[in-house]
Amino acid sequence: MSKIKVGVLGATGTVGQRFITLLQDHPYFEVCEVAASERSSGKTYAEAVAGRWKVSADIPPAVAGMTVKEVEPGLDCRAVFSAMDASVAGPVEEKFAAAGYCVFSNSRNHRLDPDVPLLLPEINAEHVKVIEHQQKSRGWKGFIVTNSNCSTMGLVLPLKPLDVEFGLEAVSVVTMQAISGAGYPGVSALDIVDNVIPYIGGEEGKMEREPLKMLGSLRDGTTFIEAGFKVSAQCNRVFVLDGHLECTSVALRRKPPVEEFTRALAEFRGRPQELKLPSAPERPILVRTEDDRPQPRFDRDHGKGMSVAVGRIRPCSVLDYKFLILSHNTVRGAAGASILNAEFLKAEGYL
Ligand code: NAP
């Protein structure tokens with residue numbers, strides 16, 4: 001089978017570098033184009049990331065010598081993964097979709113558009129049906145599919161089986177988010193060492209809105225109906241490199257025994273698992289039973305960074321249950337999620 005040619009927009013940044021490493025030797029996709037800002041374009045990829053390559057694996061040799069291009073249609077590929085700064089991503093992604101590219105975006109710009117899927121195929125695979133409506137109403141040959149904010153991603157995976165099995169009424173979440181979530185160079189060491197920053201601009205709003213679209217339904221292939229529960233989020237930046245930890249409490253319509261609650265999480269599987277997609281972890285939710293887990297350092301790489309670890313499940317004296325969630329913010333929360341979306345759309349015949 002010949003591989004589908006893909007490009008990475010914003011290939012030089014924190015999420016872009018994850019794309020480049022995760023797409024190395026991918027069974028479906030081959031990176032043929034890399035693009036970034038005018039600061040990088042014209043250089044080889046290796047030159048453009050010199051001094052700021054932050055992934056422990058080496059730069060794949062096939063990409064190191066590629067010339068970084070500008071983020072303009074005309075790239076020789078079928079699909080693009082977008083990891084551009086949100087200040088520029090919106091109109092650039094639209095231009096690519098209009099020119100016929102399949103755009104898989106990590107940026108916030110189009111997540112809440114009424115005709116764009118905010119896709120996580122384990123929980124809302126049926127939302128891809130809005131793509132036809134998007135193409136028709138915008139006159140595009142291509143399309144845009146988005147994935148959620150990194151902290152939303154960790155939260156919504158466990159919320160799905162809880163909503164299906166017991167009915168979610170309310171969610172309260174307090175995050176401890178890794179510094180890689182702020183991109184590069186991101187937060188200054190003088191601000192974050194020996195410290196916790198109790199503010200991440202825009203993050204709480206994203207965590208309170210995005211789950212409602214993701215766990216809502218799509219009516220007639222054209223209209224998203226938001227889920228009916230409420231989310232309250234408080235977001236903090238902590239001195240951890242990768243892995244967002246989220247202290248979560250939920251109120252449920254039916255309060256199950258703890259064994260049933262735990263089983264619903266541990267046994268959850270979605271379409272990517274059924275389809276055995278290359279990036280799909282065998283267990284999307286890994287339940288840890290130790291008193292002191294999950295921890296970022298030990299639990300962020302389960303399922304190659306694509307499994308979400310849940311632990312410390314216990315009754316809550318205000319809502320019904322409380323627990324911790326840990327997810328890898330640049331893999332499951334960004335590049336890995338986007339690649340899984342592309343694998344799923346290929347399986348569904350959109351690519
Ligand atoms: P980053 O490290 O700051 O990288 C930003 C990328 O955008 C770089 O490749 C940069 O290219 C490119 N860029 C900046 N200005 C540009 C312009 N005018 N034209 C074209 N390209 C431009 O940021 P990041 O953390 O990788 O985040 C990328 C996107 O993913 C953001 O929208 C972010 O919100 C989202 N996201 C991030 C995470 C995370 O955990 N970090 C998780 C989920 C979603 P140069 O190198 O040439 O400047």
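T146 is buried, with a relative accessible area of 0% (buried means under 20% relative accessible area, exposed over 50%, partly exposed in between, using a 1.4 Å probe and protein chains only). This comes from a predicted model, in which local features need pLDDT of at least 70, side-chain atom pairs count only at pLDDT 80 or more, and totals for chains, interfaces and linings use all residues. Residues are numbered from 1 along each chain as its sequence is written, and side-chain values use heavy atoms, with hydrogens and water left out.

T146 belongs to strand 6 (residues 143-146); helices (H or I, at least four residues) and strands (E, at least two) are DSSP runs numbered from the N terminus. A polar atom of the T146 side chain sits 2.9 Å from the backbone oxygen of P117. Setting aside neighbours within four places in sequence, T146 is in contact (heavy atoms within 4.5 Å) with S105, H110, R111, V116, P117, L118, L119 and N341.

S151 is another buried residue, again with a relative accessible area of 0%. S151 is part of helix 7 (residues 150-166). Not counting residues up to four places away in sequence, S151 touches Q177, E203, M207, H244 and E246.

Then there is helix 1 (residues 14-22): 7 of its 9 residues are buried, so this helix is largely enclosed by the rest of the structure. The buried ones are V15, G16, Q17, R18, F19, I20 and T21. Their cover includes strand 1 (4-9), strand 2 (29-36) and strand 4 (79-82), along with helix 2 (45-49), helix 3 (61-64) and helix 13 (331-347).

As for the ligand, 28 residues surround it, the closest being T12, V15, S37, S40 and R52; a residue counts here if one of its heavy atoms lies within 4 Å of the molecule. A polar side-chain atom of S37 is 2.6 Å from a ligand oxygen. A polar backbone atom of G10 lies 3.2 Å from an oxygen atom of the ligand, and an N or O atom in the N329 side chain is 3.2 Å from a ligand oxygen. Taken alone, the ligand exposes 900 Å², and the protein buries 84% of that (Shrake-Rupley areas with a 1.4 Å probe). Helix 1, helix 4 (86-98) and helix 13 are the elements that give two or more residues to the shell around the ligand.

Terms used. Polar contact = N/O pair within 3.5 Å; in protein donor to acceptor, adjacent residues only side chain to side chain.
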